[in-house]
Amino acid sequence: MKILHTADWHLGKRLDRFSRLEEQISAMEEIISIADEENVDLILVAGDLFDNFTPGVEAAELFYKTLKRLSQNGKRPVIAISGNHDSPNLINAPDPLARECGIILIGHPKAEILPFETEHFKITNSKEGFIEVALVNIDFPVRILHTPYANEVRLKEYFGENKEEEINKILSKTWKELADQFCDTSGVNLLTAHLYMNKRGAEILEEPEGEKPIKIGNADLIFSDSIPNQIQYTALGHLHAFQNIGTQEKPVVYSSSPLCYSFSEAGQTKYVSIVEAEPGQPVSFIKKPLKSGRKLVRKTFTSVEDSVQWLTENPYTFIELTLESETFLTSDERRMIYQSHNGIVHLIPKVKSKGLTEQESLEINLNQDIEPLFRDYFKSKNGGQEANEELMNLFNEILNA
């Protein structure tokens, strides 16, 4: 069977003042196309479905339409869990209606999905944190351990003196009990979770810039050795770069977000994971690149003319632009830069320091008139940089107001 694993859609997310909705529509279309072209049997969406607890109407509409099309109106099951950006109750709310379209929405970490049946598949077994799915065109069951994001409040009954140890203990114990009870070699065994997970002793994986952090120190770090041996593929959400923190035989995969959502992701290619699985055998998987959306670019220039030329030649991008120069940007230069491109998210002027000798930095005559005193003060605080005419005009305007 084939499985498509995706995560971290963050529908409704903005980049500073810029909406990303049109790009998200394109990205969802691309994921739907890949699912259809690959003829996948099952789809896992591993959390952060929305960007906040109260998504806008357009984001919610895109979410439901995307899931319905991914399910092919009920022909293949779509299982979506909540992430740390999602409201569990909001995710759970439409579940009874969603099931009619073959969509299973799981908001809480200890959710139990009541068995139901559609024309194309049925839930044959379920328990808190577990479902077994039988598809009409697959002659073996699919077992899925599911763990949506669990915050401190939702797990408070498990916390002891050492929170890190307790979370790992409870998840490891719960997953093992479920796997021992349900996951033998006669079916495909999967785990999907929205957690900060890493190998024990491995280098820390950076959480996305601007994201709500899950990992506070090491308090909420889940170790991948908590995953039961029976699990053939683990579908994770939270980190936005595609990476397998497991092995080739037993992958533990962050599938990545569908778009670059912060400049720390600049230059990343985004993916979905396509998994081929059968009972009792190692899975194989490939990462399918996504091409939708604007590129995020960090660029540094030393002249306004060079920056304007590059901006003009690269229109379909979002830019964090740093301009290094000997003087501060004038209002005309700023206007020229912004008029050359509609995707400048941040403009960072960086004035090169000329440096002052210790004697120069101390020789400020406090008895002089206010205007030269301000010039000397500005020069001492800005590495020898002279205040330009525009700044002095503003200073005099304030002085004479």
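Figure 1. The protein contains 11 helices and 20 strands, and the model shown is a predicted one. Of its 401 residues, 52% count as buried. Where contacts join residues at least 6 apart in sequence, 67% of them join residues at least 24 apart. The accessible surface comes to about 19,200 Å², and carbon and sulfur atoms account for 49% of that area.

**Figure 2. The largest nonpolar core.** This core has 32 residues, and the members that touch the most other members are Leu4, Trp9 and Leu70. Two or more residues come from each of α1 (21–37), β4 (42–46), α2 (57–70), β5 (78–81), β6 (103–106) and β16. Helix α1 gives the most to the core, with seven residues. Leaving aside residues up to four places away in sequence, Leu70 touches Trp9, Ile31, Ile32, Ala35, Ile43, Arg76 and Val78. A second core of 31 residues is separate, and its members include Ile113, Phe121, Phe140 and Ala235.

**Figure 3. A cluster of aromatic rings that includes Trp9.** Ring pairs link Trp9 with Phe50, Phe63 and Tyr64 into a cluster. Trp9 is also one of the residues that touch the most other members of the largest nonpolar core.

**Figure 4. The stacked pair of Phe130 and Phe182.** The count of aromatic pairs comes to 11. In the pair shown here, the ring centres of Phe130 and Phe182 are 4.2 Å apart and the planes meet at 10°; the pair is stacked because this angle is under 30 degrees. Phe130 belongs to strand β8 (residues 130–135) and Phe182 to helix α6 (residues 163–182), so the pair links distant parts of the chain, 52 residues apart. Phe130 has a relative accessibility of 0% and counts as buried. Phe182 counts as buried as well, at 12% relative accessibility, because the cut-off for buried is under 20%.

**Figure 5. The edge-to-face pair of Phe242 and Tyr271.** The two rings lie 5.4 Å apart, centre to centre, with 70° between their planes, and the pair is edge-to-face. Phe242 is in the loop between β13 (233–237) and β14 (243–244), whereas Tyr271 is in strand β16 (residues 270–276), so the pair ties together parts that are 29 residues apart in sequence. Phe242 is buried, with a relative accessible area of 15%. Tyr271 counts as buried at 16% relative accessibility.

Figure 6. Arg200 is found in the loop between β11 (196–198) and β12 (221–223). With a relative accessible area of 53%, Arg200 is exposed, because exposed means over 50%. Arg200 lies over the face of Phe223, at 4.1 Å from the ring centre. In sequence these two residues are 23 residues apart, and in space they are 5.5 Å apart, C-alpha to C-alpha. When residues up to four places away in sequence are not counted, Arg200 touches Phe223 and Asp225. The side chain of Arg200 makes a polar contact with the side chain of Asp225, at 2.8 Å.

Notes:
Residues are numbered from 1 along each chain as its sequence is written. This is a predicted model: local features need pLDDT of at least 70, side-chain atom pairs count only at pLDDT 80 or more; totals for chains, interfaces and linings use all residues. Side-chain values use heavy atoms; hydrogens and water are left out. Rings of Phe, Tyr and Trp (its six-membered ring) pair if their centres lie within 6.5 Å; planes under 30 degrees apart count as stacked, over 60 as edge-to-face and the rest as tilted. Helices (H or I, at least four residues) and strands (E, at least two) are DSSP runs, numbered from the N terminus. Buried means under 20% relative accessible area, exposed over 50%, partly exposed in between (1.4 Å probe, protein chains only). A charge sits over a ring if NZ of Lys or CZ of Arg is within 6 Å of the ring centre and within 35 degrees of the ring normal. A nonpolar core is a set of buried Ala, Val, Leu, Ile, Met, Phe, Trp, Tyr and Cys residues joined through side-chain atoms within 4.5 Å. Contact means heavy atoms within 4.5 Å. Accessible areas come from the Shrake-Rupley method with a 1.4 Å probe; for residues, only the protein chains shown count as cover. A polar contact is a pair of N or O atoms within 3.5 Å; within protein, one must be able to donate a hydrogen and the other to accept it, and residues adjacent in sequence count only if both atoms are side-chain atoms.
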